[in-house]
Amino acid sequence: MSLLRMDELDLAGKRVMIREDFNVPLEAGKVTSDARLRAALPTIRLALDGGAAVILLSHLGRPVEGHYNEAFSLAPVAKHLSGLLDRPVRLQKNWLEGFDIKPGEVVLCENVRFNPGEKSNDEALAKTMASLCDIFVMDAFGTAHRAQASTEGVIRYAPSACAGPLLSRELFELDKALTNPERPMLAIVGGSKVSTKLTVLESLMSCVDELIVGGGIANTFIAASGYDVGKSLYEPDLIHEAQRLIRMEHKKGGEIPIPKDVVVATSFSQDAKAVIRQVDEVRPNEMILDIGPVTAAKYATMIQHAGTVIWNGPVGVFEFKNFAAGTRAIADAIEISSAFSLAGGGDTLAAIDQFNIADGVSYISTGGGAFLEFVEGKKLPAVAALEARYKN
């Protein structure tokens, strides 16, 4: 793919606006996993070393668009980023009205999703953003699959638009890994809802040899196989879709394995008592929060036999120590596997940090949905916009 790259431009004295993905987990006003922040540091330093005034854009969470909500403020990110860069990072609240910035300074604009029209890719909003910079750098691979004002729209109207080092490397590494993957190819997809990943699962089935589902997604597949899931998070209206996918996989000679055993609790809390049950023994007052040891061992074996492993999402509530064993087993198996492993998504990055296996993963992507869509072979809107600017 043909893109203008940031290192090809003269940045001296320019207002360089960089769209990053700082959608990081927070707890008590502090960043708990800074993998995405650290991944962006080379891009920010390249701009600073080039003599630019650096303007950073990002979203955080899913606030009600058009309304300021302190719970989704980027203030904790600005503070943490200041420490990583060892220089002040100023949080700018009302940034669309314009602000003063000098070369060598770093400004983090408040959550782009506080602005009406961000998600709908409003043309006027995109033009306003573009007017604040001399060069726009798209560096947020994790949002490249979304055609929004700060990701795709601004590319079309900025005086100059290019790909940042992080985005460029992501595209290169993923393309290299997926052009001729080692077989068998195994995908592990976790998440809370089938509805958000239904098309992803179906598309993945056409390019991978084996597919493991985890989290709330797995609960829907468990229910689709005729088992009672008690109070577990699942989507009863998508049981027929889950059954269809199971049949599709059987038809091609594979399977979407259903857990043999699960870890349940009667409440969703850090201190809830964990009980291991066979999948057909879940009680009406219980919720499934993790896979059991027998299932974890089976999944680990599948990973050991794979040539390529794609990991997006945990298989349980790994943030709670009593329900972390399943995801830990997946992580440990990937770490010691000889397979080429690709991991992506915010929760996946947090799990990699928590279990300290980063050195055992072949490539860690900062993207979640974008990561999966790239694996599917879809064209990412922000990348398409950059290609169009380069061509024209």
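Guide: We can start with a pair of facing residues, Met17, which stands opposite Phe136 in strand 7. This is a predicted model, in which local features need pLDDT of at least 70 and side-chain atom pairs count only at pLDDT 80 or more, while totals for chains, interfaces and linings use all residues. Residues are numbered from 1 along each chain as its sequence is written, and side-chain values use heavy atoms, with hydrogens and water left out.

Visitor: What makes strand 1 and strand 7 a pair?

Guide: Two strands pair if DSSP finds at least two bridges between them, the strands themselves being DSSP runs of E with at least two residues, and helices runs of H or I with at least four, numbered from the N terminus. Strand 1 and strand 7 have four bridges in the parallel sense, so they meet that definition. Strand 7 is also joined to strand 8 (residues 161-163) by three bridges, again parallel, and there Val137 has Cys162 as its bridge partner.

Visitor: Why are both faces of strand 7 called covered?

Guide: Buried means under 20% relative accessible area, with exposed over 50% and partly exposed in between (1.4 Å probe, protein chains only). In strand 7 (residues 135-138), Ile135 and Val137 on one side are buried, and Phe136 and Met138 on the other are buried as well.

Visitor: What is meant by a nonpolar core, and which residues have the most contacts inside the largest one?

Guide: The term denotes a set of buried Ala, Val, Leu, Ile, Met, Phe, Trp, Tyr and Cys residues joined through side-chain atoms within 4.5 Å. The largest such core has 76 residues, and those with the most contacts inside it are Phe136, Met138, Phe141 and Phe221. Helix 7 (residues 215-224) gives the most to this core, with six residues. A second, separate core of 28 residues includes Ala40, Ala78, Leu85 and Val106.

Visitor: How do you know that His59 is buried or exposed?

Guide: His59 has 5% relative accessibility and therefore counts as buried. His59 is found in the loop between strand 4 (53-57) and helix 2 (75-85).

Visitor: What makes the approach of His59 to Arg19 a polar contact?

Guide: A polar contact is a pair of N or O atoms within 3.5 Å; within protein, one must be able to donate a hydrogen and the other to accept it, and residues adjacent in sequence count only if both atoms are side-chain atoms. The side chains of His59 and Arg19 make such a contact at 3.4 Å.

Visitor: Why are the buried residues of helix 3 placed on the same side?

Guide: In helix 3 (residues 123-131), the buried residues are Leu125, Ala126, Met129 and Ala130. They cover an arc of only 140° around the axis, the arc being that of the directions from the helix axis to the C-beta atoms, and this puts them on the same side of helix 3. These buried residues pack against strand 1 (15-19) and helix 4 (149-157).

Visitor: What caps the N-terminal end of helix 3?

Guide: Asp122 does, with a side-chain oxygen that lies 3.2 Å from the backbone nitrogen of Ala124.

How values were computed: Contact means heavy atoms within 4.5 Å.
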